[in-house]
Amino acid sequence: MNVVLPDNSTLELLDGATGLDAARAIGPKLAEQAVLIRANGNPQDLRLPLEDGQSIQILTTRDTSDPDALYVLRHSTAHLLAEAVRRLYPGVKVAIGPPIENGFYYDFDFPEPLHEEELDRIEAELNRELEEGREWTREEISRDEAKARFAAEGEPYKVELVDSAEGQITLYTQGDFTDLCRGPHLQNSKPIKAVKLTSLAGAYWRGDSDRPQLTRIYGTAFYSQKDLDAHLARLEEAKKRDHRRLGAQLDLFHLSEHSPGSPFWHPKGMVIWNELEDLRRRQNLRRGYSEVKTPLLYDVDTFITSGHYENYKDNMFFVASKEDEKQFALKPMNCPGHMLLFGSALRSYRDLPFRYAESSTLHRDELAGTLHGLLRVRHITQDDAHIFCSPDQIEAEIFACLDFAAYLYDLFGLTAQFELSTRPEKKVGTDEEWDFTEGALRAALERRGIEYTVNEGDGAFYGPKIDLHMTDVLGRSWQMGTIQLDAIMPQRFGLSYMGADNKEHTPYVIHRALLGSLERFIGILIEHYGGAFPLWLAPVQVRVLPVGEAHTEGAHAVAAKLAERGFRVDVGEATETIGKRIRAAELEKVPFVIVYGDRESEESLAVRERGGGQSHESFEDFASRLATLVS
RNA sequence: GCCGGAGUAGCUCAGCUGGAAGAGCAAUUCACUUGUAAUGAAUAGGCCGUGGGUUCGAGUCCCACCUCCGGCUCCA
């Protein structure tokens, strides 16, 4: 048979030849260094046979940054970790250990709790295995045989995994450890040059919080120590951009134990907040939305009607009134308020769609362990809107939402990943309704040519949704915008409009937030810009520094003239050396610094840009340059 | 909520086997009057997260709680 090599040449092999055979046919050195084969683009174990006509690419220890090559390296390292743990902790049960982005993990059920300090000991044992060297062997066995084998070893998790595994059951063995595994794996442990166990965490078996919690050990591995060092250095750099660190450093916000999960916005943080609010208002106005304001507090009946009480009561804050028997709740979302608003008058099809916009304070009693700086809060502010429309208006409205989102994300140079979430188990409404709403969202994405992934069963209880996700500096994915199509809640609130046929019809509602939560969006922006905001968002846009006390008056005059033109400007008084004040401005990431001394005048200002560039220009030139930059 | 870790000055952190709470930066004052990333000196600043316990003696050891960090679960 023949296979095609990356240079398009053909390699002739015996029938049934494996990837390793192909490597050997090319050269012994290549065979030694081979870690994985890509057959028609798919990663495949070297031990598996090739097929006639396949195009193949052999990955070696030199493909140190190829994602597939790193995956196989880390997957094999995870198996070495399991071997080491089993040797050090008799009685431990092994669960599952896949490679992940930037590393791998392995889940164990330890007889005694494991503590972080013990990671060093495990890492040492793993390195000892590497020194001894390990070879992997692969075998295919029957399902029953595999179950019997793992049952005999006292590995109940593995037995369960065999039951749910699809296709041929394969085992990989190295040292005295055999694991149920689909592969692929390295030939031997020689390519593993650098290993680090990074952290310890609890993780529920099969991701189910009703099942036992296992101990997860995270680690990473590389083809060279240099790559590991670079990876760790990158992590350190990323931590410097962490919005929680920059938030304090730039004096934007803080969090307090007196109100966990609710940011205190400082004056400088509020500047950014208000710029985003202005942006939201301007764009909503331009796109036909109407600003509304609905209460923060509602009787519980409202949330029973909406269905939120049943689904989310554990995450709501309840409030008692001394005069009223009724119990109240702080709104965790705006939809019921907007439903009541729509239902407050008789509506005509001629007036549809209604686009109610409100950026209101919401409270959600999130579990303590899930709070995370600005990215997961209890006090949440969405740039929310609800569009009440007729069936024939749905498509155009969804298109408009997608375009609006694209406009906003482009403005910040952010790229979102789109996800379509479909009917969940706890859905309300009929399958026919869901077929319609899911179909409408899917069609909108496809007709706009947007790439998306599908999260089956991840929709809201009242409708499917398109979510826009962003990644933070440490690679964690967060939901930003969401566009949801709802056929259910308007029915539950008994909403209707009069149609052209003089009959009552139930409107559809599109729930949408595009920035998502203002808190979270600002958190993402802080990390995205590393605190160096573009001029229009910068809390202080220009700082004027008088060289000496004699220049104080002149500096204030320049500052006042800039403030008059609408720029955010302050003066760094001459109480310290000019060098120190410039340094402070750089650390605060102020976009422009004007040094004002004997040599300066309105005709010639000394302008320093963030990062160090210097120029001389007249006040008028500088002011018009700023005006261009913020527009 | 669950697993593991951490809470010492406004910030970043030291404080060993229990024996008189420290440094740098920031702040304040004084001197210097400054030219593009740190002038010098002095001063002030602490319920060592909170509550309980062990001890002659607790920042240090034990218990509970709170908050934060890394994950898991959850995220309308």
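Author: In this predicted model, eight residue pairs are in polar contact across the interface of domain 1 and domain 2, with both residues of each pair at pLDDT 80 or more. The elements that give two or more residues to the side of domain 1 that touches domain 2 are helix H2 (28-33), strand S3 (34-39) and strand S4 (42-44). Of these, S3 gives the most, with four residues. Sorted by class, that side of domain 1 has nine nonpolar residues, four charged residues and one polar residue.

Charged groups also pair across the boundary: the count between domain 1 and domain 2 is one salt bridge. Arg38 forms a salt bridge with Asp68, and their closest N and O atoms are 2.6 Å apart.

The wider setting is as follows. Chain A is divided into four parts, namely domain 1 (2-60), domain 2 (67-237), domain 3 (253-529) and domain 4 (542-630). Between the C-alpha centres of domain 1 and domain 2 the distance is 27 Å. In terms of residues, 14 from domain 1 are in contact with twelve from domain 2.

The extent of the interface can also be stated as an area. About 1,000 Å² is buried between domain 1 and domain 2, and carbon and sulfur atoms give 54% of this area. On the side of domain 1, Val35, Asp45 and Arg47 supply 51% of the area that this domain buries against domain 2, more than any other three residues.

Note on methods:
Residues numbered from 1 in each chain as written. Chains lettered and ligands numbered in written order. Predicted model: local features only at pLDDT ≥ 70, side-chain atom pairs only at ≥ 80, totals over all residues. Heavy atoms only, no water. Domains from an automatic or database assignment. Contact = heavy atoms within 4.5 Å. Buried area = accessible area lost by both parts, 1.4 Å probe. Salt bridge = Lys/Arg side-chain N within 4 Å of Asp/Glu carboxyl O. Polar contact = N/O pair within 3.5 Å; in protein donor to acceptor, adjacent residues only side chain to side chain. Nonpolar A, V, L, I, M, F, W, Y, C, P; charged D, E, K, R; others polar.
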